[in-house]
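Subject: Structure for you to look at

Hello,

I am passing on a structure that you have not worked with before. Please open it first and then read the notes below it.

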Amino acid sequence: MSLLERRGGCLRIVLSVALVVGSAIVASGCGDSMATLSRLAAKGSIHEEAPVTTRLEVRIIAPPAKVWALLVDASSWPKWQQGIDSVSVAGPLQRGTGFTWVAGGTTIHSQVQLFEPERRLSWTGTAMTAKAVHVWELKALPGDQTLVVMRESMDGLLMAKMYPSAKLEAADRAWLASLKLAAEQKP
């Protein structure tokens, strides 16, 4: 027998085991609230204790302004990032902008929490039971190059089983490779 319950905005599955002794197993893993994740994202941080996390970086032979322009023009993401099917947003990203996008058939509702032009961009997002924080950091390097650091955390019911860190890392590695290719293209 199982029971779904909602506590504090968190959906939990309670499985009754050994009814004779009245014990139960609770499968939660719902993680921090969206308000907490939004505060982390607004500081350029991810949820370090989330069950799914990744940190990647890439050196791009293009100035930060060019890389930044690609990142904040979310409606153009599907043109250069094949993992993104569509994006619905009114204009370029900025602090407080909400946007909805589809990646791999999954609809993600996001909101920009940090916007420091040509330096840092972060957003929070939800999809089904997942709650995520995505942070981009750009650092100017000599020779009109940019170091891009991408960090992401995902939490929610059974996230580590449904979408483990290795899968997130593969998706984010592909996103960085696409960003690098787009930014390094000659006009």
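This is a predicted model: local features need pLDDT of at least 70, side-chain atom pairs count only at pLDDT 80 or more; totals for chains, interfaces and linings use all residues.

The protein has 187 residues, of which 43% are buried. Its secondary structure consists of 5 helices and 10 strands. Among contacts with a separation of 6 or more, 50% join residues 24 or more positions apart.

The sheet comes next. Seven strands form an open sheet with antiparallel pairing, in the order β4-β10-β9-β8-β7-β6-β5. Because β4 (52-60) and β5 (84-88) each have a single partner strand, they stand at the edges, and one side of each has no neighbour in the sheet. On average, neighbouring strands of this sheet are turned by 20° against each other, direction ignored. The antiparallel pair of β4 and β10 (residues 145-155) extends over 9 bridges; within it, Glu-57 has Val-149 of β10 as its bridge partner.

Two helices pack on this sheet. Helix α1 (residues 34-42) touches β7, β8 and β9, and its direction makes about 160° with that of β8. Helix α5 (residues 165-184) touches β4, β5, β6, β8, β9 and β10, and its direction makes about 20° with that of β4.

Last, the core. The largest nonpolar core has 32 residues, and Trp-77, Leu-93, Trp-136 and Leu-179 touch the most other members. Beyond its neighbours within four places in sequence, Trp-77 has contacts that include Leu-93, Trp-101, Trp-123 and Trp-175.

Regards

Key:
Residues are numbered from 1 along each chain as its sequence is written. Side-chain values use heavy atoms; hydrogens and water are left out. Two strands pair if DSSP finds at least two bridges between them. Helices (H or I, at least four residues) and strands (E, at least two) are DSSP runs, numbered from the N terminus. Axes are lines fitted to C-alpha atoms, for helices over the stretch in contact, and angles run from 0 to 180 degrees between N-to-C directions. Contact means heavy atoms within 4.5 Å. A nonpolar core is a set of buried Ala, Val, Leu, Ile, Met, Phe, Trp, Tyr and Cys residues joined through side-chain atoms within 4.5 Å. Buried means under 20% relative accessible area, exposed over 50%, partly exposed in between (1.4 Å probe, protein chains only).
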